[in-house]
Amino acid sequence: MEISNMEWPAYLDEYEKLVFRMTTPRVMIDNAGCSNSTRVMIDSARKHGILLEAVQVLTDLNLSIKKAYISSDGRWFMDVFHVTDLDGNKLTDESVISYIEQSLGTIHYASAKCIDGLTALELTGTDRIGLLSEVFAVLSELECNVVEAKVWTHNGRIASLIYVKERDSGSPIEDSEKIDTIEARLRNVLKGDNDIRSAKTSVSMAVTHTERRLHQMMFTDRDYERKPIIRTNDNPIVSVLNCLEKGYSVINIHCKDRPKLLFDIVCTMTDMQYVVFHATLNTAGDRVHSEFFIRHTDGSPISSEAEKQRVILCLQAAIERRASEGVRLELRTGDKQGLLADVTRTFRENGLNVTRAEISTTSDNTALNVFYVTDAIGNPADSKIIEAVRMKIGLSDLKVKELPSIYHQKAEENEEPTGGVGGAMLLSLGSIVRKNLYNLGLIKSFS
């Protein structure tokens with residue numbers, strides 16, 4: 001992005017032009033220097049939150065960050081990101097490259113994404129099977145159309161941002177009595193039988209980035225203090241050490257790679273009022289190792305064991321919130337009144353729990369919805385139940401797009417049978433897993 005090519009407004013004097021040049025990020029995108037990724041380099045004056053804004057631009061484009069090098073020098077910083085698309089390819093679309101240059105070049109002045117003409121509902125409470133179906137049933141009954149929504153669950157808690165409009169007029173919901181009714185009805189749903197204190201509903205007028213806001217809501221709800229419902233063998237490993245001679249705290253994170261991982265980490269550090277001065281991130285296969293040199297915004301490192309443990313728990317929670325292990329189901333169909341209430345009720349009636357959801361509606365009124373589902377206690381859902389749900393909703397509308405890793409792990413573990421009864425049992429288990437994959441349409445044969 002070349003500042004010299006800009007046309008300056010007539011009212012700017014030379015000093016103001018100099019200040020603008022100094023505070024506007026310089027962006028360079030290189031496709032020649034690395035064989036398997038595109039390098040994005042940002043050179044800018046440092047301010048609190050600018051790293052998060054840069055990472056947010058890249059992750060909102062669904063780019064995968066394979067490597068990152070972040071360094072601050074006094075009041076200046078330089079970030080280098082090695083990125084690919086989700087298929088692992090370098091960026092070749094000139095319109096995407098131009099958008100990245102423009103967006104990163106104006107992050108000092110960028111505002112949060114605002115969804116115009118919609119009313120935002122924020123919900124937090126205790127997760128339970130069927131909760132979403134009750135929420136969407138209430139909204140349908142109150143003649144609210146759900147245009148967009150994101151739902152996260154973690155450690156038995158749920159947070160959701162739901163964007164709605166009036167069904168008949170298509171305008172945002174501004175009637176104070178109706179807003180009060182919506183909040184009260186949804187609060188009653190969230191309370192259930194045992195969540196009198198922590199269930200919360202509110203109408204949000206802020207324009208905070210949706211996924212950042214979900215992190216903030218779960219952080220405020222203190223989900224990181226609660227014990228996980230299902231323990232796995234692949235929990236993120238987070239360690240904190242103090243580098244006293246340099247005045248930094250050093251955070252090391254080892255975990256499984258996934259989309260938007262760096263955003264979730266940096267978002268949490270930023271909202272906890274920490275500043276990243278130096279950092280590296282490297283991926284190897286499906287694993288990520290990252291190291292961050294941080295200080296609090298007041299310039300001090302982490303100063304107590306209690307603060308250290310809190311940072312560890314919060315970063316682990318930030319990584320886990322989006323790492324759903326459920327079966328990924330994608331619904332694509334014409335939007336209609338009560339669609340979400342009907343679909344989620346079908347999930348509930350078949351004992352499926354929604355652990356994460358992304359709801360969207362296109363300009364031609366097509367519903368594009370993604371659901372991650374498990375059984376009632378968080379284990380992988382039975383393939384026969386998934387197939388029954390698909391038959392009920394429509395095989396061509398609801399499709400299985402991704403299986404949880406446990407399915408593939410079981411299949412791999414059972415590929416090589418051993419002798420005797422134990423070997424026969426492993427062979428039988430392997431056949432069952434492969435049959436499940438076949439029933440879900442993800443392999444052509446299980447023989």
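The protein chain has 12 helices and 16 strands, where helices (H or I, at least four residues) and strands (E, at least two) are DSSP runs numbered from the N terminus. This is a predicted model, in which local features need pLDDT of at least 70 and side-chain atom pairs count only at pLDDT 80 or more, while totals for chains, interfaces and linings use all residues. Residues are numbered from 1 along each chain as its sequence is written, and side-chain values use heavy atoms, with hydrogens and water left out.

Of the 447 residues in the protein chain, 47% are buried, a term that stands for under 20% relative accessible area, with exposed meaning over 50% and partly exposed in between (1.4 Å probe, protein chains only). The accessible surface comes to about 22,500 Å², and carbon and sulfur atoms hold 50% of it; such areas come from the Shrake-Rupley method with a 1.4 Å probe, and for residues only the protein chains shown count as cover. Among contacts (heavy atoms within 4.5 Å) between residues at least 6 apart in sequence, 70% join residues at least 24 apart.

Rings of Phe, Tyr and Trp (its six-membered ring) pair if their centres lie within 6.5 Å, and planes under 30 degrees apart count as stacked, over 60 as edge-to-face and the rest as tilted. By this rule there are four aromatic pairs. One of them joins Y248 and F293, whose ring centres are 5.9 Å apart and whose planes stand at 85°, so the pair is edge-to-face. This pair links distant parts of the chain, since Y248 is in strand β10 (residues 248-256) and F293 in strand β12 (residues 287-296), 45 residues apart. Another edge-to-face pair is that of F347 and F371, with centres 5.2 Å apart and planes at 75°; F347 belongs to helix α9 (residues 339-349) and F371 to strand β15 (residues 366-374), 24 residues apart.

| Residue | Relative accessible area | Class |
|---|---|---|
| Y248 | 12% | buried |
| F293 | 22% | partly exposed |
| F347 | 1% | buried |
| F371 | 0% | buried |

Y248 and F293 also form one aromatic cluster together with F277. The charged end of R295 sits over the ring of F277, 4.9 Å from its centre, the rule being that NZ of Lys or CZ of Arg is within 6 Å of the ring centre and within 35 degrees of the ring normal. R356 likewise lies over the face of Y372, at 4.2 Å from the ring centre.

Helix α9 has L339, L340, A341, V343, T344, T346 and F347 as its buried residues. Just after α9, G351 takes a positive phi of about 75°.

The second largest pocket has a volume of about 340 Å³. Of the 24 residues that line this pocket, C144, N145, V146, D335 and K336 are the closest to its centre. The elements that give two or more residues to the lining are α4 (131-141), β6 (144-154), α9, β14 (353-361) and β15, and β6 gives the most, with four residues. On a 1 Å grid over the protein atoms alone, a pocket is an open set of points where a 1.4 Å probe fits, with protein on both sides within 12 Å along at least five of seven lines, and lining residues have an atom within 4 Å of a point. Grid points are joined across faces, edges and corners, and a volume is the space filled by probe spheres set on the points.
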